[in-house]
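Here is a short report on one protein structure. Look at the sequence and the model first, then read on.

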Amino acid sequence: MPGQQREASADYAQATRLLTQLRTVARQLPGTLDPGSIAERLLDEIRAVAPADRSAVLIGSGGGRLVVLAQAGIANSGEDRADWETSLATDAPIAEAWLSQQPQVAATSVTRTPARGAVTSMVLPLVTGVRTVGLIVAEADRPRAFDSQTVSAAASVAASAVLRLETALLFDDVRSLATTEERQRLAREIHDGVAQELVMVGYGIDNALALLPDRPEDASSMLSSLRDEVTRVITELRLSLFELRSDVDPHGGLAAAIAEYARTMGAAGGMRVHLSLDEGGARMPAAIEGELLRIAQEAITNARKHARARNLWVSCELDPPYVKLQVSDDGRGVGAESREDSFGMSIMAERARRIRARLDVGPRKPSGTTVSVVLGARPRGGSVAAPKEAQGTHDDR
């Protein structure tokens with residue numbers, strides 16, 4: 001055991017040195033370490049040498065799939081975003097570019113929407129060392145839009161930016177890993193410490209109630225109240241454990257994770273939950289999905305613990321890189337929150353700033369609070385379904 005402890009201490013010491021170096025280097029970098037901002041700038045640079053009607057940066061997410069990190073369209077194209085093909089298990093040019101690590105040009109679309117006329121697609125792999133980090137995809141609604149000279153110029157731009165993008169993605173991974181590890185550590189500490197101790201206290205109170213010789217009325221009432229309080233605390237701890245362990249499943253998606261949390265908290269708080277979820281096959285980067293889930297959790301927890309709400313409305317529209325998440329309740333409203341509730345609001349605001357999202361918190365008529373988070377620009381012709389005040393006892397889709 002002492003040897004294992006020394007090895008663990010050495011590992012932590014090495015991790016501390018590396019993270020300290022990373023922080024120092026990050027502060028000295030001339031630009032941002034936000035992957036989304038870097039990807040958007042990269043698209044601007046690509047479009048300057050290879051004009052296209054739509055373009056995107058896709059990055060790997062595991063499981064043979066890609067996620068849209070950023071995308072753009074020419075202002076006069078009548079289109080703000082596209083339903084890009086994100087599976088690598090196809091014969092599409094994106095799979096060929098990913099595997100061959102060579103630019104691909106084709107007279108076919110790399111979106112899931114059939115082309116209505118002539119189209120030319122260009123896929124540029126983002127390669128660092130021997131590893132493919134992501135892809136740049138661009139489409140033009142005209143034949144032979146990308147000649148060899150254009151492809152070469154665009155590939156040069158991509159090559160000059162890939163190290164900057166990979167650094168930002170690695171920095172995001174480190175931050176996400178640290179957050180996940182901390183949640184797991186806290187969950188273990190709660191489970192192994194105070195939760196078990198409170199369970200034992202509950203058993204002790206049960207025994208005291210059973211052994212009271214004369215069962216005086218006052219003593220029995222006091223012990224019963226203590227037992228109720230212990231039960232309440234244990235319930236809160238179990239919900240906290242559930243929150244700490246909740247995460248966005250790589251296969252389930254953000255909407256599924258939010259729905260599971262809303263149902264669990266609604267049942268615990270006696271609230272009727274009404275869900276309106278609109279999520280396609282496209283995914284956001286894991287770090288962004290994680291922050292959005294935590295914002296939703298905080299808003300739902302506030303409704304359960306502080307607002308004394310009877311109904312909870314949760315809507316989520318996901319059309320990467322656009323997301324709109326909304327949580328409403330019919331509780332006491334934003335003017336009557338406790339200090340804990342206010343602290344929760346500041347946490348949500350910090351998380352929103354971290355992913356460059358807009359957070360709005362305001363009253364809901366006739367009563368309650370609405371928390372809204374918007375990331376990216378709304379797609380043209382798109383709409384978010386307003387939370388429905390359904391009469392069901394569970395959820396409405």
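## Helix H2

This is a predicted model. In helix H2, the buried residues are Pro35, Gly36, Ile38, Ala39, Leu42, Leu43 and Ile46. Viewed down the axis of H2, these buried residues fall within an arc of 155°, so they line one face of the helix. The general rule behind such a face is simple: an α-helix has 3.6 residues a turn, so residues three or four places apart point the same way. On the other side of H2, Arg41 and Ala48 are exposed.

H2 covers residues 35–49, which makes 15 residues. From its first C-alpha to its last it reaches 22 Å. That is close to the 21 Å expected at 1.5 Å a residue.

## The sheet

Five strands form an open sheet. Their order is E2-E1-E5-E4-E3, and the pairing is antiparallel. E2 and E3 are the edge strands, and each pairs on one side only. From one strand to the next, the twist averages 20°.

H2 lies across four of these strands: E1, E2, E4 and E5. The helix runs at about 55° to E2.

Where does E4 sit, enclosed or open? Seven of its nine residues are buried, so E4 is largely enclosed by the rest of the structure.

E4 pairs with E3 in the antiparallel sense over three bridges. Within E4, Val123 is the bridge partner of Gln104. E4 also pairs with E5, again antiparallel, over nine bridges. Here Leu126 stands opposite Gly134 in E5. The hairpin of E4 and E5 has two residues between the strands. In that hairpin, Gly129 takes a positive phi near 65°.

## Helix H3

H3 spans residues 93–100. Its buried residues are Pro93, Ile94, Ala95, Ala97 and Trp98. Which strands do they pack against? The list is E1 (54–62), E2 (65–73), E3 (104–106), E4 (120–128) and E5 (131–140).

Just after H3 comes Gln101, with a positive phi of about 60°.

## Putting it together

H2 lies across E1, E2, E4 and E5. H3 packs on the sheet and touches E1, E2, E3, E4 and E5. The direction of H3 makes about 145° with that of E5.

Technical notes
Residues are numbered from 1 along each chain as its sequence is written. This is a predicted model: local features need pLDDT of at least 70, side-chain atom pairs count only at pLDDT 80 or more; totals for chains, interfaces and linings use all residues. Side-chain values use heavy atoms; hydrogens and water are left out. Buried means under 20% relative accessible area, exposed over 50%, partly exposed in between (1.4 Å probe, protein chains only). Helices (H or I, at least four residues) and strands (E, at least two) are DSSP runs, numbered from the N terminus. Contact means heavy atoms within 4.5 Å. Two strands pair if DSSP finds at least two bridges between them. The expected span of a helix is 1.5 Å times one less than its number of residues. The arc is that of the directions from the helix axis to the C-beta atoms. Axes are lines fitted to C-alpha atoms, for helices over the stretch in contact, and angles run from 0 to 180 degrees between N-to-C directions.
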